[in-house]
Amino acid sequence: MSTRLSAGGAELTIDQENGCRISSLRVDGTELLRQGPKYGAFPMVPWCGRTANGRFRDGAAVHRLPLNHPPHAIHGFGREAAWRPALGTGTEAVFTYDLGDPWPYPGRVTQVFRLDEDALTLTMGVETYGDSFPAQAGWHPWFHRSLTPDGAEAKLDFAPAWQEERGPDHIPTGRRIDPKPGPWDDCFGMPDGVDVTLTWPGALELRITSRAEWVVVYDEEPEAICVEPQSGPPNGLNSLPRLVTPVDPLEVSTTWTWRRLA
């Protein structure tokens, strides 16, 4: 079952049964996202990226997560779950997902989609039903490298303050280094907020912004470029835990704004 939103020349399709991911984002009929059940743009929750060896500590307790990307646990459970619709209009939709086993804490995730003629705003909130717990949230979009078979490749423009040094196990070491040239499967710090632009020459400019301070860029595959705003770095459940408490839920948002160049 899918939900469709439209505004002006923009069309959005949400597959709530398959992780509440965006399965399609079209602008004037042109698809921006890589197609397929594992692609599109999916939510990462209740953690983002890799959690080292599928383990994280919360106080004295050590929790183990399924190793869905051995030897690590990756991208959370939300991308594989069926979400429930809570609200829908022609341009806005809201879905919820209840956290539970194998995540060790009960809670709820809410995801909001709002489509305008020239922008898409995504918001995700994580709340607890009881005890406080560490969590992260973000998005993993797979943008087409080229919008048409013979189209120019997208150009990536951003100015991070630092790059998280990545160890041979793909887990950040904790050191912040000067940004290195790509290709990347790396996390970057943008303390003034995420601000990344993808430009398909002669076609479209897409600006990805967020108040979040972390973004992962993955461009090691020829078909797509991933620009992933998120509330913390990979392995952040261990290295930079952000507690969700009964009075302080986690909320993160991102806005994708496009400008037609043709």
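Predicted model: local features only at pLDDT ≥ 70, side-chain atom pairs only at ≥ 80, totals over all residues.
Through how many residues does a hairpin join S12 to S13? The hairpin runs through two residues.

**Figure 1**
Residues are numbered from 1 along each chain as its sequence is written, and side-chain values use heavy atoms, with hydrogens and water left out. Helices (H or I, at least four residues) and strands (E, at least two) are DSSP runs, numbered from the N terminus. Two strands pair if DSSP finds at least two bridges between them. S12 spans residues 107-116. On one side, S11 (residues 92-99) runs antiparallel to S12 and is joined to it by eight bridges. Here Asp98 stands opposite Arg108 of S12. S13 (residues 119-128) is also antiparallel to S12, with ten bridges between the two. Arg114 has Thr121 as its bridge partner in S13.

**Figure 1. The two faces of S12.**
In a regular strand the side chains alternate between the two faces of the sheet. The covered face of S12 holds Gly107, Val109, Gln111, Phe113 and Leu115. Arg108, Thr110, Val112, Arg114 and Asp116 make up the uncovered face.

**Figure 2. Strand S19, buried on both sides.**
Buried means under 20% relative accessible area, exposed over 50%, and partly exposed in between (1.4 Å probe, protein chains only). S19 covers residues 185-189, and five of its five residues are buried. Asp185, Cys187 and Gly189 point one way, while Asp186 and Phe188 point the other way. S17 (residues 162-166) pairs with S19 in the antiparallel sense over two bridges. Trp162 stands opposite Gly189 there. S22 (residues 214-218) is joined to S19 by five bridges, again antiparallel. Cys187 faces Val216 across that pairing.

A salt bridge is a side-chain nitrogen of Lys or Arg within 4 Å of a carboxyl oxygen of Asp or Glu. The whole structure has 14 of them. One joins Arg260 to Asp28, with the closest N and O atoms 2.6 Å apart. This pair links distant parts of the chain: Arg260 lies in S25 (residues 250-260), and Asp28 in the loop between S3 (21-27) and S4 (30-31), 232 residues apart. Arg260 counts as partly exposed because its relative accessibility is 32%. Asp28 is partly exposed too, at 48%. A further bridge joins Glu205 to Arg259, with the closest N and O atoms 3.1 Å apart. Glu205 belongs to S21 (residues 204-210) and Arg259 to S25, 54 residues apart. Glu205 is partly exposed at 23%, as is Arg259 at 46%.

**Figure 3. The Arg175–Glu165 salt bridge.**
In this pair the closest N and O atoms are 2.6 Å apart. Arg175 is in S18 (residues 172-177) and Glu165 in S17, ten residues apart. Arg175 counts as partly exposed at 47%. Glu165, at 22%, also counts as partly exposed.

**Figure 4. The largest pocket.**
On a 1 Å grid over the protein atoms alone, a pocket is an open set of points where a 1.4 Å probe fits, with protein on both sides within 12 Å along at least five of seven lines; lining residues have an atom within 4 Å of a point. Grid points are joined across faces, edges and corners, and a volume is the space filled by probe spheres set on the points. The volume here is about 620 Å³. The lining has 29 residues, with His69, Ile74, His75, His140 and Trp142 nearest the centre. S15 (138-144), S17, S19 and S22 are the elements that each give two or more residues. S19 gives the most, three. Ala, Val, Leu, Ile, Met, Phe, Trp, Tyr, Cys and Pro count as nonpolar, Asp, Glu, Lys and Arg as charged, and the others, Gly among them, as polar. By these classes the lining has eleven nonpolar, seven polar and eleven charged residues.

**Figure 5. The second largest pocket.**
This pocket holds about 160 Å³ of space. Its lining includes Glu164, Trp214, Asn235, Ser239 and Leu240. Pro172, Thr173, Gly174 and Arg176 also line the pocket, as do Pro233 and Pro234. S18 gives the largest share, four residues. Five lining residues are nonpolar, four polar and two charged.
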